[in-house]
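Here is a short report for a first look at this structure. It starts with a helix and its surroundings, then turns to a sheet and to confidence.

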Amino acid sequence: HDSADVWQHRELFRLDARTKQLKELLGGRRRLNGFAYDAANKTVAYVSTSVNLPTELYVANADGSGERKLTSFNDKLNSEIAWSTAERFTYPSVGGLEIEGWLMKPAGYEPGKKYPLVLYIHGGPHSQYNEGWFDEFQSLAGAGIAVVYTNPRGSSGYNTEFQLTRGRWFAEDYQDLMKGVDVVAARPDIDSTRMG
């Protein structure tokens with residue numbers, strides 16, 4: 001993990017075995033999971049979610065073309081609520097290690113106003129935040145609170161060395177979290193006297 005320029009999202013790629021070249025077939029700023037192909041390998045089904053859109057089932061041609069949404073579980077709710085999105089950022093932490101984080105602005109965000117901030121810490125520690133939907137972040141943002149969440153040392157999804165914190169919990173990982181809070185708290189739209 002030399003750089004957090006990883007973006008915690010999942011995509012579908014094709015690898016040309018002859019040239020060893022990767023080609024992105026389905027992607028974007030979202031998480032794609034559960035890929036399943038038909039018997040002829042012509043169609044792929046999968047679930048897709050993003051920070052501001054709950055999960056739905058999609059299908060596309062195996063080459064990534066012709067993507068279409070099959071389910072509409074959340075259409076009514078999505079038409080009634082303006083979900084918040086999140087800004088991705090990176091910052092240097094202890095030892096110069098780059099850490100990945102996100103800031104979700106509150107619903108109805110207005111430039112020039114100051115907002116309280118909540119740091120959300122994932123469990124595990126071998127877990128990770130990503131470009132997917134998380135209802136608890138949306139609940140806080142809907143209540144007018146900015147939410148910062150990061151993937152400190154110990155988080156999965158980067159590499160083994162980054163994830164290994166055994167015997168060092170609440171050391172560099174804690175500093176990673178606090179440095180992320182410092183970065184966000186210095187913003188003019190954050191009320192640093194109201195943080196949790």
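The buried residues of helix α4 are covered by elements that include the strands below. Contact means heavy atoms within 4.5 Å.

| Strand covering α4 | Residues |
|---|---|
| β7 | residues 86-92 |
| β8 | residues 98-104 |
| β9 | residues 115-120 |
| β10 | residues 146-151 |
| β11 | residues 190-195 |

This is a predicted model: local features need pLDDT of at least 70, side-chain atom pairs count only at pLDDT 80 or more, and totals for chains, interfaces and linings use all residues. Residues are numbered from 1 along each chain as its sequence is written, and side-chain values use heavy atoms, leaving out hydrogens and water.

Helices (H or I, at least four residues) and strands (E, at least two) are DSSP runs, numbered from the N terminus. The buried residues of α4 are D173, D176, L177, G180, V181, V184 and A185. Buried means under 20% relative accessible area (1.4 Å probe, protein chains only). Down the axis of α4, these residues fall within an arc of 165°, so they line one face of the helix. The arc uses directions from the helix axis to the C-beta atoms.

Elsewhere, 4 strands form an open antiparallel sheet, in the order β3-β4-β5-β6. β3 (31-37) and β6 (68-69) stand at the edges with a single partner strand each, so one side of each lacks a neighbour in the sheet. Strands pair if DSSP finds at least two bridges between them. β5 (residues 53-61) and β6 pair over 2 bridges. V59 has R68 in β6 as its bridge partner.

The mean pLDDT (the predictor's confidence in each residue, from 0 to 100) of the protein is 86.

How values were computed. Buried means under 20% relative accessible area, exposed over 50%, partly exposed in between (1.4 Å probe, protein chains only).
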